[in-house]
Amino acid sequence: QVQLVESGGGLVQTGGSLRLSCAASGRTFSSYAMGWFRQAPGKDREFVAAISWGGGRTYYADSVKGRFTISRDNARNTGNLQMKSLKPEDTAVYYCAAGPVFSRGLGYDYWGQGTRVTVSS
């Protein structure tokens, strides 16, 4: 079992930055891929970024490429999403997820409760 807790969300102006963190419990986290997803009001949950278990491979949604950076520290059982040049359309609840398959899909086994990001115009 892996439990995930996100933090770092908040209110930021357009063009600002935020760093989201995902704290994981469980000794298997380092063997799992990790993803970040988001869900805006009235919309489906969508993929943002993913990183392989060792950190050597990453995926990004086209909408965040060049602005967001995903990383992980397996020694500390944490993952991060650095977000820069934020736009109002980035407003959403952000979720981290973990699982054995490195993918852009929603099929991760474990999910956090989410942290809200609001970007004001």
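**Salt bridges around one arginine**

Author: The side chains of Asp90 and Arg38 form a salt bridge, with N to O at 2.9 Å; the term denotes a side-chain nitrogen of Lys or Arg within 4 Å of a carboxyl oxygen of Asp or Glu. This is a predicted model, in which local features need pLDDT of at least 70, side-chain atom pairs count only at pLDDT 80 or more, and totals for chains, interfaces and linings use all residues. Residues are numbered from 1 along each chain as its sequence is written, and side-chain values use heavy atoms, with hydrogens and water left out.

Reader: How many residues apart in sequence are the parts that Asp90 and Arg38 tie together?

Author: The salt bridge joins Asp90 to Arg38. Asp90 lies in the loop between strand 8 (78–83) and strand 9 (92–99), whereas Arg38 belongs to strand 4 (residues 33–39); strands are DSSP runs (E, at least two residues), numbered from the N terminus. The pair therefore ties together parts whose separation in sequence is 52 residues.

Reader: Is Glu46, a salt-bridge partner of Arg38, buried, partly exposed or exposed?

Author: Buried means under 20% relative accessible area, exposed over 50%, and partly exposed in between (1.4 Å probe, protein chains only). Arg38, at 6%, is buried. Glu46 has 35% relative accessibility, so Glu46 is partly exposed.

Reader: Which residues are linked in a network of salt bridges?

Author: Arg38 pairs with Glu46, the closest N and O atoms being 2.6 Å apart, and also with Asp90. The network of salt bridges links Arg38, Glu46, Arg67 and Asp90.

Note on methods
Helix = DSSP H or I, 4+ residues; strand = E, 2+ residues; numbered from the N terminus.
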